[in-house]
Amino acid sequence: MGLIPGRDVIRPALLFLGSSVVIWIIARLVTRNIVRSATFTTVFLAVLFSFNFSYNLGKSVIPWERSDFGVFWLLVSLAVATLSAWKKSSEPSPAYLNIFAGALGIMTLFSLASNALNSTSSKEPQDNLVARHRKVSFKPDVFYIIADGYGRSDQLKSKIGIDNSDFINGLRSRGFFVANANHSNYCQTELSICSSLNMNYLEEVLQNIPDKDLSRETLSNLIADNKVAQNFKSFGYKYIAITSGFPALRFSSADRWLQAHREINLLEETLIAQSPVNLSSDILRNSVEAKRYNLASAFRNLDEVAVQSSSPRFIFVHLLAPHPAFVYNSDGTFRVSEASGTLYDGSDYMEHGGTPESYRIGYAEQLKWLNKELLRTVDVIRKENNEAIIVLQGDHGSKVGLNQNSLTKTDIDECFSNLFAIKSPVKLPDIQKDSTTPVNIFRIIQSELFDLRMPLLRDRSYYSTWNDPFVYNDVTNQLSSSKDLANFGDVARKNR
Ligand SMILES: [Zn+2]
């Protein structure tokens, strides 16, 4: 319940009362008996809403899918309520209902207590992390916002032809550090995000997986259940993911995975999730509409989670923009995409109806729209949650000059030059460097927040073709303005 702001309780409470009355009226019509209908309603709702308790109790015996158990539990609730009402004489029996209410109260207390225990027990992180057992008292929310394909300003200027200084100045005036000469470690979405969320290079992250078992699916799984989130969770954080329709990013292992926005709040969604009602019906006609809808939804979801809650949260956000398809004009009006698919970038975009010129124009338009949304969102977070850490990052740069299957035909300066901006109430001197690459971002943040000693890794950049994602070509020294490797071997410095 730590995820739910108090004000969200009112509407579901009214809905709950309303639906109780409706159920009671129906039961009254069927049974034609006031006591039986009251018994039915009370027992039905009581059993139905002990779903979580029963599910948690029962899942060790039978490993049900949550949704299957939901259907089963709905039937159990109906059956138990019908039996109770059937057996009920027309004489009211307060003792019976009192015992029932008492049992409910105990279950609710038990549930609350176990929630409280779960959120306070902090397992020490495992692996090679050396915790120094400091009591961690300051636990700000941490937003990790990936804007897919968002390039570094100097490259955007020379390769796309946009002056992005208003946005960068807007970030700086809101307290962000923005790097000027940084690079990404990889230039494909899954490779980059898998590495940054696991705080290591893919050779290390994937070292125990035999080559024959390696696939993009492996990356998706390691993105969903990643090291950064595991560490946050071990320090009592909730893990929330917000996505905008990139199929490889699936966060079923997160505490909450918010996809397309729904016009109901978290508590309502939680309650409804316990029933067989399916909310994800496909109301979208085509992928361009879907992309617009998903992007707008991601921002609405971000606005909602911006509000601080009783538990600290790690909030991962993936925005499929400015990455093609280009579906928004700078003023927010809909844009018709030139390329035929919504996921094609670089040479794939060119092969599916796009041209370098349409890429530049479309990217610039969508970027300007995105910039406004990002600054607006940052302002919402600052207002609601001023102590939050916000990392705003491109997983790689723009790709007008990228060839998906040839390093020699690729403009590596463009695709490896990503946006990196961070706002933090905690001093993070190691991160405010132009050389910082994504692989080190959470090594630095978590070392500082949780007093861990995670060594910084050497900042390297690797190109992979689309067909051979696990063949890494080290291009670090070929990148212009590639930085010296002074970070190598350092340990995140402590500054307090
Ligand atoms: Zn990407």
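**Exercises on strand S7 and its neighbours**

Phe177 has Ile422 in S7 as its bridge partner. This is a predicted model, in which local features need pLDDT of at least 70, side-chain atom pairs count only at pLDDT 80 or more, and totals for chains, interfaces and linings use all residues. Residues are numbered from 1 along each chain as its sequence is written.

**Exercise 1.** Work out which strands pair with S7.

*Solution.* Start with the terms: strands (E, at least two residues) and helices (H or I, at least four) are DSSP runs numbered from the N terminus, and two strands pair if DSSP finds at least two bridges between them.
- Strand S2 (residues 177–178) runs antiparallel to S7 and is joined to it by two bridges.
- Strand S6 (residues 389–393) pairs with S7 over four bridges, also antiparallel. Here Gln393 stands opposite Phe420.

**Exercise 2.** Decide whether the two faces of S7 (residues 420–423) are covered or open.

*Solution.* Recall that side chains in a regular strand alternate between the two faces of the sheet. Next, call a residue buried if 20 or more other C-beta atoms, placed from the backbone, lie within 10 Å of its own. Phe420 and Ile422 are buried on one side, Ala421 and Lys423 on the other, and both faces are covered.

**Exercise 3.** Find what the buried residues of helix H11 (residues 227–234) pack against.

*Solution.* First list the buried residues: Lys227, Val228, Ala229, Asn231 and Phe232. Then look for contacts (C-beta atoms, placed from the backbone, within 7 Å). The partners are H8, strand S3 (238–242), strand S5 (313–319) and helix H17 (438–450). Finally, step just past H11: Gly236 takes a positive phi of about 90°.

Terms used:
Buried ≥ 20, exposed ≤ 12 C-beta atoms within 10 Å, placed from the backbone. Contact = placed C-beta atoms within 7 Å.
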